[in-house]
Amino acid sequence: MKKLSYLLGLILVSGLIFTSCSKDEEENTPPTLSFLGGTSDIWELPRTDSDVTMETGQALVFGFTTTSTTNKNLASIKITRNYENVSIQTMWDTTLSTNTWTMDLKTVSHPNPGTEVFEIKVTDRNDLSATISFTVTTVEADPGINVYNGVTLGSYTSSTNSSFASITGQTFSMAQAEDPAVQSKISWIYFHGTVYGHTIMSPANAVVEDVFPGVADWNNRNTTLMGKTGLSTEAYELIVNKNQLILTIQNSGVSMTDDFHSELQSNPGGFEVGDIIAFETGEGNQGLIRVTEVTPGSLNGESKIKYNVKVEK
């Protein structure tokens with residue numbers, strides 16, 4: 001489970017109202033207690049006042065107001081968080097002697113997916129109490145990247161598809177890529193030959209026409225820049241979100257100046273298991289390719305490669 005700084009004790013309080021008035025006659029009714037709606041003036045964030053679904057670790061603001069309905073003042077307020085009925089945290093627990101109390105609180109949603117009940121209990125000096133609550137369902141934050149594992153491409157005489165769309169993770173045969181709608185998705189094409197060796201190449205590169213002549217008639221030929229990095233498999237596997245991905249690419253020192261990566265023609269060249277190749281699509285989406293298999297066929301045109309991809313959405 002994701003580890004985040006979880007500051008349950010960090011509560012900001014505002015709008016406290018203290019009064020000492022009491023009613024002439026004692027009534028056997030509990031205090032009034034209700035959530036504050038609208039937007040918090042302090043944090044300029046909407047208050048949560050009912051069940052809600054939100055991402056893990058997000059700012060959460062809520063407020064409430066309570067008033068004694070008897071001739072006795074309020075005695076205590078307790079606010080708890082109950083996560084999945086296995087972890088109960090006390091956010092606020094205080095004694096007081098006032099007729100009315102209003103407050104705002106700011107915290108963060110739970111760092112793990114699940115359900116958490118926020119409960120407020122107010123008790124007066126007649127030992128009469130009122131309780132209100134809401135449930136926060138936390139979901140994983142969008143990591144901002146797509147992950148495609150086990151992608152296989154085949155060279156020009158292989159029965160395995162030769163082109164790849166990094167935006168969707170799909171592979172296409174060259175016959176399928178005759179469709180302009182498919183062409184617009186293609187980020188690179190794979191082939192294996194004696195001059196270039198194992199190669200992934202942007203459709204925009206004229207060399208690809210020598211291997212797949214039909215590309216010359218494409219209406220949409222994307223340019224994807226590439227560069228081989230010195231990153232390790234461990235560094236690749238540690239990436240779980242967009243910020244990590246971009247920072248890893250930036251810190252790798254890679255220069256993405258060519259619209260292809262070739263075993264024999266790139267500098268540095270090579271196309272081996274464990275190689276990490278950075279890329280940037282024409283739309284500006286950056287990503288990494290981790291080579292997991294390189295399988296030469298009996299002929300160059302029958303060769304295959306297999307890889308994993310992490311790319312920003």
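Figure 1. Glu44 is exposed, with a relative accessible area of 65%. In this predicted model, Glu44 belongs to the loop that joins strand 1 to strand 2 (52–55). Its phi is near 55°, a positive value in a residue other than glycine. Asp127 is placed in the loop between strand 7 and strand 8. The phi of Asp127 is near 65°, again positive in a residue other than glycine. For Asp127 the relative accessible area is 65%, and the residue counts as exposed.

**Figure 2. The stacked pair of Phe118 and Phe134**. The whole structure contains 11 aromatic pairs. One of them joins Phe118 and Phe134, whose rings are stacked at 5.1 Å centre to centre, with 10° between the planes. Phe118 belongs to strand 7 (residues 114–124) and Phe134 to strand 8 (residues 129–139), so the pair ties together parts that are 16 residues apart in sequence. Phe118 is buried at a relative accessible area of 1%, and Phe134 is likewise buried at 1%.

**Figure 3. The largest nonpolar core and the surroundings of Ile120**. This core has 21 residues, and those with the most contacts inside it are Phe62, Phe64, Ile79 and Ile120. At least two residues of the core come from each of strand 1 (32–36), strand 3 (59–67), strand 4 (74–83), strand 5 (87–98), strand 6 (100–108), strand 7 and strand 8. Strand 8 supplies the largest share, 4 residues. Not counting residues up to four places away in sequence, Ile120 touches Leu33, Phe35, Phe62, Phe64, Lys78, Ile79, Ala130, Thr131 and Ile132.

**Figure 4. Aromatic residues and a second core.** A second, separate core of 17 residues includes Tyr148, Met226, Ile305 and Val309. Tyr148 also takes part in an aromatic cluster with Phe164, Trp188, Phe279 and Tyr307. In another ring arrangement, Lys310 lies over the face of Tyr236, at 4.6 Å from the ring centre.

**Figure 5. Ser162, a buried residue in a loop**. A polar atom of the Ser162 side chain lies 2.6 Å from the backbone oxygen of Gly154. Beyond residues up to four places away in sequence, Ser162 touches Leu153, Gly154, Ser155, Phe172, Met174, Trp188, Ile189, Tyr190 and Phe212.

**Figure 6. Val254 and Pro268, residues of two loops**. Val254 occupies the loop between helix 4 (242–251) and strand 15 (260–262). With a relative accessibility of 18%, Val254 counts as buried. Setting aside neighbours within four places in sequence, Val254 is in contact with Gly227, Lys228, Thr229, Ile249 and Ala278. Val254 and Met226 are 28 residues apart in sequence, and their C-alpha atoms are 8.9 Å apart in space. Pro268 lies in the loop between strand 15 and strand 16 (276–280). The peptide bond from Asn267 to Pro268 is cis, with omega near 0°.

**Figure 7. Confidence of the model and residues 1–25**. The protein has an average pLDDT of 92, and 91% of the residues score at least 70. Over residues 1–25 the pLDDT is below 50, although this stretch has 61 contacts in the model beyond near neighbours in sequence. Where pLDDT is low, predicted coordinates should not be read in detail.

Note on methods. Residues are numbered from 1 along each chain as its sequence is written. This is a predicted model: local features need pLDDT of at least 70, side-chain atom pairs count only at pLDDT 80 or more; totals for chains, interfaces and linings use all residues. Side-chain values use heavy atoms; hydrogens and water are left out. Rings of Phe, Tyr and Trp (its six-membered ring) pair if their centres lie within 6.5 Å; planes under 30 degrees apart count as stacked, over 60 as edge-to-face and the rest as tilted. Buried means under 20% relative accessible area, exposed over 50%, partly exposed in between (1.4 Å probe, protein chains only). A charge sits over a ring if NZ of Lys or CZ of Arg is within 6 Å of the ring centre and within 35 degrees of the ring normal. pLDDT is the predictor's confidence in each residue, from 0 to 100. Contact means heavy atoms within 4.5 Å. A polar contact is a pair of N or O atoms within 3.5 Å; within protein, one must be able to donate a hydrogen and the other to accept it, and residues adjacent in sequence count only if both atoms are side-chain atoms. A nonpolar core is a set of buried Ala, Val, Leu, Ile, Met, Phe, Trp, Tyr and Cys residues joined through side-chain atoms within 4.5 Å.
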